Amino acid sequence: MAVMRPRFLLTAAILACAPDESIDAAEGVADGTTASADSSGATAAATDPDGEGSTDGGSADASSSTGEPFVPVAARGITITGVEANQGVGVPIFRDGAWVDGSGRNAELFANRSMLVRAAWAVDPGFTPRLIEARLELFFDDGTSEFATKRLWVDGDSNLSVLDDTFWFGIPAELLGPLTQFQITVWETGPDGYESLPEVAEPLAFPETPAFIGLEATDMRLRVVLVPVRHDLGGGCPAAPELDEAAATALSDALFAQNPVNDIEVTVRAPITWTDDLGSFNGLLGELAGLRESDGADPGVYYYGLVQPCDGGPDGVGGQAIDIPGPPSPGNAWSRVAVGRFYGSIGATADTFVHEIGHTQGRRHVACNGDEGGTTPLYPYQGGVIGVWGFDVVAWNQLYKPDVAKDYMTYCGNTWVSDWGWRQVVPYIREITTWDAADWGGAEEPAGSLLVGLHDAEGGDPYWFVTPGTVGSRAPSFAERIELVDGDGIAYAVDVTIGKMGEDGSYNVVAPLPAGLDVARLQAATRVTGEHRQPIDAVATGPVTLTLGTAP
């Protein structure tokens with residue numbers, strides 16, 4: 001079963017308040033907003049004192065005192081102070097009276113991905129509360145344009161914590177080409193409340209002339225294979241997780257919403273069975289890496305195992321990645337493997353899924369509650385907060401507050417993607433997408449093989465396996481080597497590299513195998529660290545596990 005989110009996510013022919021239906025601010029504003037909430041946890045929509053609330057284009061205009069239909073005029077006493085485009089993280093596109101070019105932006109925006117556009121306003125002293133209309137117009141490279149309107153009761157400056165305290169518009173993906181331009185104008189909606197203010201000769205426009213939204217034309221894709229794992233210890237263990245369409249879609253949506261992609265494919269593979277203990281995820285990770293190879297997956301595909309450990313699993317570990325790789329290459333395809341627990345809550349399962357896939361995209365932990373190990377010192381926001389407004393373009397009803405929500409690489413709750421995290425994974429996704437531009441299979445297979453050993457923090461038995469690949473940019477550890485003896489008694493010595501895995505303290509040892517070595521006839525292997533020699537007892541190679549002797 002495959003869950004595919006098409007490149008053009010939405011089918012609306014014109015701009016709308018939301019891709020498929022109107023957003024109701026009552027459907028969810030993230031913790032920390034200033035809106036009121038009822039007992040269900042929903043947030044009350046902003047309304048005006050007369051109950052008119054917010055309306056969209058298409059409603060009848062008011063009449064003047066003469067009985068004639070009111071002809072809209074430019075709004076007076078109100079200014080658009082900023083416009084933000086949000087495909088997951090907020091990016092300013094108009095600020096302080098000017099269009100924001102690429103040098104002033106905090107994250108990339110991409111063509112063919114739906115978008116929330118929010119415009120904040122400020123009012124002059126003495127402003128009379130009333131209904132104001134904003135018009136967002138999009139201009140396309142073929143000379144055509146389309147627009148949508150938003151009417152809101154304005155009684156003061158915008159409050160960004162409440163969706164209906166900004167003029168907001170949902171733009172479907174198919175309207176967002178790389179050359180799409182935008183402009184916002186504001187209008188009076190009736191004859192009362194503004195007559196004493198100075199007349200505005202022409203509608204104020206923000207920016208003054210249409211400007212590019214600033215969308216990269218790059219295709220950005222993710223492909224993930226979900227592997228249900230039955231942990232069988234001889235009876236009384238749960239079945240493999242049931243990944244029906246609803247569960248697979250929830251996982252796909254969570255990954256799509258928090259990654260800079262315009263295309264995603266999540267496939268559910270047939271289950272596998274794991275019969276060893278799960279005091280560590282290392283062995284299962286090695287099994288998944290071997291499964292990835294035997295399935296013939298091309299280098300751009302991620303494999304993710306989901307399991308309910310029958311023995312409780314590794315203490316305090318919700319998931320683990322096999323590696324935190326450097327820049328992606330076909331040679332480190334084996335590093336696109338991770339595993340996570342399948343919880344009773346699909347939301348918790350999805351949170352772990354997004355976190356572990358983040359590790360396989362090179363992301364390290366972000367410090368928040370203090371339990372995160374191996375945190376990056378480069379994260380720019382104290383306490384692991386996301387730093388900018390987040391928005392879910394799949395659920396289309398959830399704002400995440402900059403100083404409340406935490407980056408998904410923390411161990412805190414209420415997580416979302418930060419603009420810093422968004423930018424970190426862009427090079428990974430961009431590079432891997434170029435490989436599969438030709439029907440998902442354009443990358444060359446790596447030449448060479450690696451011997452990989454997975455080591456846990458508790459000093460348990462490592463898991464060693466052979467996989468196609470190259471060490472690429474990994475730096476060698478000059479204090480270590482691997483000694484090998486083949487079937488003819490020929491000895492080899494190869495350098496190793498040491499890499500971090502997704503969870504605290506675990507690491508991998510990677511050694512390139514000599515071109516002339518027949519792995520199937522390997523007699524002995526030893527990890528040598530200074531004066532210490534550690535025999536390698538077994539090596540998994542394809543469907544076969546070799547039992548080795550001790551090197552002389």
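**Aromatic pairs**

I searched the whole structure and got eight aromatic pairs. My rule was that rings of Phe, Tyr and Trp (its six-membered ring) pair if their centres lie within 6.5 Å, with planes under 30 degrees apart called stacked, over 60 edge-to-face and the rest tilted.

One of the pairs is W121 with F167, tilted, at 4.7 Å centre to centre and 45° between the planes. W121 belongs to strand β6 (residues 115-123) and F167 to strand β9 (residues 167-171), so this pair ties together parts 46 residues apart in sequence. I took strands (E, at least two residues) and helices (H or I, at least four) as DSSP runs, numbered from the N terminus. Are W121 and F167 buried or exposed? Both are buried, meaning under 20% relative accessible area, where over 50% is exposed and in between is partly exposed (1.4 Å probe, protein chains only).

Next I noted Y379 and W420, an edge-to-face pair with 5.4 Å between centres and 80° between planes. Y379 sits in the loop between α3 (346-360) and β18 (390-391), and W420 in helix α4 (residues 419-435), so parts 41 residues apart in sequence are tied together.

**Charges over rings**

I counted a charge as over a ring if NZ of Lys or CZ of Arg is within 6 Å of the ring centre and within 35 degrees of the ring normal. R135 has its charged end over the ring of F147, 4.2 Å from the centre. K150 lies over the face of W168, 3.6 Å from the ring centre.

**The open sheet**

I then traced an open sheet of nine strands with mixed pairing, in the order β28-β27-β24-β25-β26-β22-β23-β29-β30. β28 (532-535) and β30 (544-547) are the edges with a single partner each, so one side of each has no neighbour in the sheet. Within it, β25 (residues 491-500) and β26 (residues 507-512) pair antiparallel over four bridges; I needed at least two DSSP bridges to call strands paired. I498 stands opposite V509 in β26.

Numbering runs from 1 along each chain as its sequence is written, and side-chain values use heavy atoms, without hydrogens or water. Mean pLDDT (the predictor's confidence in each residue, from 0 to 100) is 86 for the protein chain, with 85% of residues at 70 or more. Residues 6-60 stay under 50. Where pLDDT is low, the predicted coordinates should not be read in detail.

Conventions. Contact means heavy atoms within 4.5 Å.
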